[in-house]
Amino acid sequence: MDKHDDTSREPVEKIIELRLPSKLGYERVAMDTASSLARRMGFHDDRVESLKTAVSEAVTNAIEHGNQQDSAMKVVVLLTARDDELIISVADQGRKILDQDDTTSSPHIADVLEKFDKGGWGIWLIRELMDEVEFTTAPSGGNQVRMVIHLEQ
Amino acid sequence: MELILPNELGYELIARDAVAAFAWRLGVPIDRIDDLKTALCEACINAIEHGNSLKPDLHVEILCRVEDECLVIEVCDEGVRPFAPKAEPLSIVEKLAGMGSLRGMGLMLISQLCDESGFVSRDDVGNCFRLAFQRHRAASLGCSSNPGSHVSV
């Protein structure tokens with residue numbers, strides 16, 4: 001097998017990069033951008049809705065927690081469209097580093113209902129809605145979540 | 001907000017939806033958002049087709065910001081083909097009379113839809129087209145900001 005054969009099997013991908021200020025409300029821009037791309041890729045409506053929710057949660061987490069709502073800090077959303085999947089990467093600048101334990105645990109409904117703050121469902125929701133989810137450190141040193149949603153033919 | 005797109009026809013629709021969400025968040029009236037969507041698509045198609053000569057490895061960058069009471073959008077390409085204004089562009093009537101190609105009306109259309117539009121100089125190589133919209137007024141009364149070496153179209 002020569003090098004040309006290897007190259008010919010690499011997935012064709014197109015990347016859209018979106019840079020947003022860390023202000024609540026801008027997650028809607030990310031939602032609409034991601035859903036616009038997903039619809040054009042052929043995702044069904046219910047999957048697009050799942051994607052919008054997951055993107056919203058990921059960007060809100062990055063704004064609120066990772067960047068501590070410092071509007072001078074950026075949230076970078078990378079949308080990578082492949083023939084059979086859409087990869088969404090959301091990275092913040094890491095003013096607050098996410099505890100890895102927080103990325104795997106599931107909240108208990110009874111505990112959450114007793115708290116004044118009913119938040120804390122974002123990561124759980126993302127894991128429920130996306131086909132693959134991975135929390136890593138961004139090249140910039142911040143928090144990064146990589147989500148994959150597969151395109152069913 | 002910044003958006004970087006692949007240089008491929010069709011991606012102007014993703015830009016349209018992203019920037020419309022941004023404009024909505026800033027309080028731009030819905031009828032002006034419709035104008036913005038059409039004008040932005042035209043500017044992106046110009047950048048993809050002309051500025052970047054449809055080369056698939058290039059990118060189009062879109063920058064959105066608020067200047068005074070205006071939403072300002074800059075659509076920048078990598079300048080494979082620099083913009084060269086025609087001395088006497090044909091009018092729509094002349095085009096319909098068969099005196100020239102029916103294409104090439106994008107800049108004219110944009111100028112009718114925006115409060116302000118034109119090419120601006122930039123430090124980097126490439127063409128940069130600026131579109132401005134009043135944030136809180138439906139009527140086109142112009143934007144008062146100083147865009148530097150602005151050339152109206």
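Two residues are in contact if their C-beta atoms, placed from the backbone, lie within 7 Å. Helices (H or I, at least four residues) and strands (E, at least two) are DSSP runs numbered from the N terminus.

The model is predicted: local features need pLDDT of at least 70, side-chain atom pairs count only at pLDDT 80 or more, and totals for chains, interfaces and linings use all residues. Residues are numbered from 1 along each chain as its sequence is written, while chains are lettered from A and ligands numbered from 1 in the order in which they are written.

**The two chains**

A residue is termed buried if 20 or more other C-beta atoms lie within 10 Å of its own, exposed if 12 or fewer, and partly exposed in between.

In chain A, 66% of the contacts with a separation of 6 or more are between residues 24 or more positions apart. In chain B, 69% of the contacts between residues at least 6 apart in sequence join residues at least 24 apart.

Ile92(B) belongs to helix H3 (residues 92–96) of chain B. Ile92(B) counts as exposed because it has 11 C-beta neighbours inside 10 Å. From Ile92(B) to Gly104(B) the C-alpha distance is 10.0 Å, across 12 residues of sequence.

Helix H4 (residues 106–113) of chain B has Leu107(B), Ile110(B) and Leu113(B) buried. These residues lie on the same side of H4(B), because they cover an arc of only 125° around the axis, the arc being that of the directions from the helix axis to the C-beta atoms. An α-helix has 3.6 residues a turn, so residues three or four places apart point the same way. The packing partners of the buried residues of H4(B) are helix H2 (30–51), strand S4 (116–120) and strand S5 (128–134) of chain B.

**Helix packing between the chains**

Helix H2 (residues 27–41) of chain A packs against helix H1 (residues 12–25) of chain B at an angle of about 155°, with the axes 8 Å apart. Axes are lines fitted to C-alpha atoms, for helices over the stretch in contact, and angles run from 0 to 180 degrees between N-to-C directions. H2(A) and H1(B) are therefore roughly antiparallel, a term for angles over 145 degrees. Residues of H2(A) in this contact include Val29(A), Thr33(A) and Leu37(A), and those of H1(B) include Leu13(B), Asp17(B) and Phe22(B).

Methods:
Angles under 35 degrees count as roughly parallel, over 145 as roughly antiparallel, 65 to 115 as roughly perpendicular and the rest as oblique.
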